[in-house]
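Student: I am new to this structure. Could you help me learn how to read it?
Tutor: Gladly; let us look at it together.

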Amino acid sequence: MTGKATVNGTAELPEGGTGVFAPPSRFRLPWLSAVDARVDGSKLPKDMVLSVRDLSVAYRVRRGMVQAVRKVSFDLRRGETLALIGESGSGKTTLALALVRLLVRAAKITDGTVVYQRDGHAVDVLRVGSDALRHYRWNECAMVFQSALNALNPVLRVRDQFIDVARAHGMTNRAAAVERTLELLKLVQLDADRVAGSYPHELSGGMRQRVLIAMGLLLDPQVIILDEPTTALDILTQRTVIDLLRRLKDERQFALILVSHDLALAAELADLVATVYAGRIVECGSVKDVFYRPNHPYTVGLLNAVPTLSGDFRQLDSVRGQPPDLIDLPRGCAFRPRCPFGTDECEREDPQLVSVVPGGPATPGTGSHTAACFHASEVATSFSRHIRTEQLAEVVSPDGSAERAAT
Ligand SMILES: Nc1ncnc2c1ncn2[C@@H]1O[C@H](COP(=O)(O)OP(=O)(O)OP(=O)(O)O)[C@@H](O)[C@H]1O
Ligand code: SF4
Ligand SMILES: [Mg+2]
């Protein structure tokens, strides 16, 4: 299913760009060279935009601390897309919110650094003051939230919401902000005049989702975080949003962090995939490595749980058991109670994320394939023996263009 799908109230994507993305340098304050949370970026590759190390977040609740994100590290380069996959409650949204410091009061970042780099300047986002933080959000890193309806203000027309964001970030010229709003709405294939003058409840779910994507692009950020961008959309609208994201990404070369349950979406849009379990990245690598050669039993479980059009319903396996209590995690590997490969060793020790390629880099990011499992090679061998080739081909390449799984 390819091509330009259009739905009610939407317009064709303009060909050849709109000019809307002329660099809005006048809105980009020289904040990176001014703030006091600068870090030495000389060792970072020039195209690195985010370098996250040991990020940990906990929510304080009556029973104790919910360890929602545990020692997460990854690198992200310009133009790259990282998909965070994992079942509900694994900590994906908390991780995404921590990257823009938009966590609720009950949450505390207990450890780690989030280094953001642009134009040779690098800062630790977790240490910047409130003015710099305001600038970082939207100008440098925009987040599109999980629920499109809740993320928009119900009592403001779309146009006014764009103007508010623009004004809060230094675009004081109302006419320019309106012009930019209309161009962005066109860019995301919406009937710009109609949508700009509408209240959120007058728009469909897919239209609201595209409004939020347009808003995320308002200040031309270097990083965009999309939390479940296609959940709750019908299949045609999902296709429109996916095609749109792919095109915007190619045109703009922003880095994208995509949070999704949807493995097919991850396979289509991502360069890197990170499997998140109980607040930790337990496997990370290129789409091909993670989906064709998974080394963690949890990734295998997620892949086996994907329904296909041609597959027999009875062949589907879910990941058996329940996710652990994040307040009282099991000793050793958190996946042990659900793992078909577990041994005594797994109960004694928590496996670290290491390269599955001997001598390879152990930080999730470009070029590495890592997994946190004592029996990773056994998992990989077993998967390749039992691989459901047809199912994977559908997961990894809904349009049929990718190679079949290597066995
Ligand atoms: N405000 C909160 N207070 C206490 N615990 C919270 C809060 N928000 C999230 N949590 C807990 O943190 C853990 C991670 O939640 P999070 O929303 O990040 O998961 P998720 O992977 O995004 O799930 P989903 O796929 O359902 O969106 C869960 O155990 C959740 O119960
Ligand atoms: S370390 Fe052990 S329990 Fe954990 S995922 Fe690997 S095999 Fe399973
Ligand atoms: Mg979530």
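Tutor: Helices (H or I, at least four residues) and strands (E, at least two) are DSSP runs, numbered from the N terminus. The chain here has 15 helices and 12 strands. This is a predicted model: local features need pLDDT of at least 70, side-chain atom pairs count only at pLDDT 80 or more, and totals for chains, interfaces and linings use all residues. Residues are numbered from 1 along each chain as its sequence is written, while chains are lettered from A and ligands numbered from 1 in the order in which they are written.

Student: How many residues surround ligand 1, and which are the closest?
Tutor: A residue is near a molecule if its C-beta atom, placed from the backbone, lies within 6 Å of it. Ligand 1 is surrounded by 17 residues, with Tyr59, Ser88, Lys92, Thr93 and Thr94 the closest. Helix H2 (92–99) supplies at least two residues of this shell, as do strands E1 (48–61) and E2 (64–77); H2 gives the largest share, 3 residues.

Student: Which residues are closest to ligand 2?
Tutor: Among the 13 residues around ligand 2, the closest are Cys333, Cys339, Gly342, Cys346 and Cys373.

Student: Is helix H8 mostly covered or uncovered?
Tutor: A residue is buried if 20 or more other C-beta atoms lie within 10 Å of its own, exposed if 12 or fewer, and partly exposed in between, with C-beta atoms placed from the backbone. H8 is mostly covered, with 12 of its 13 residues buried, including Arg208 and Leu212. Across the chain's 407 residues, 46% count as buried.
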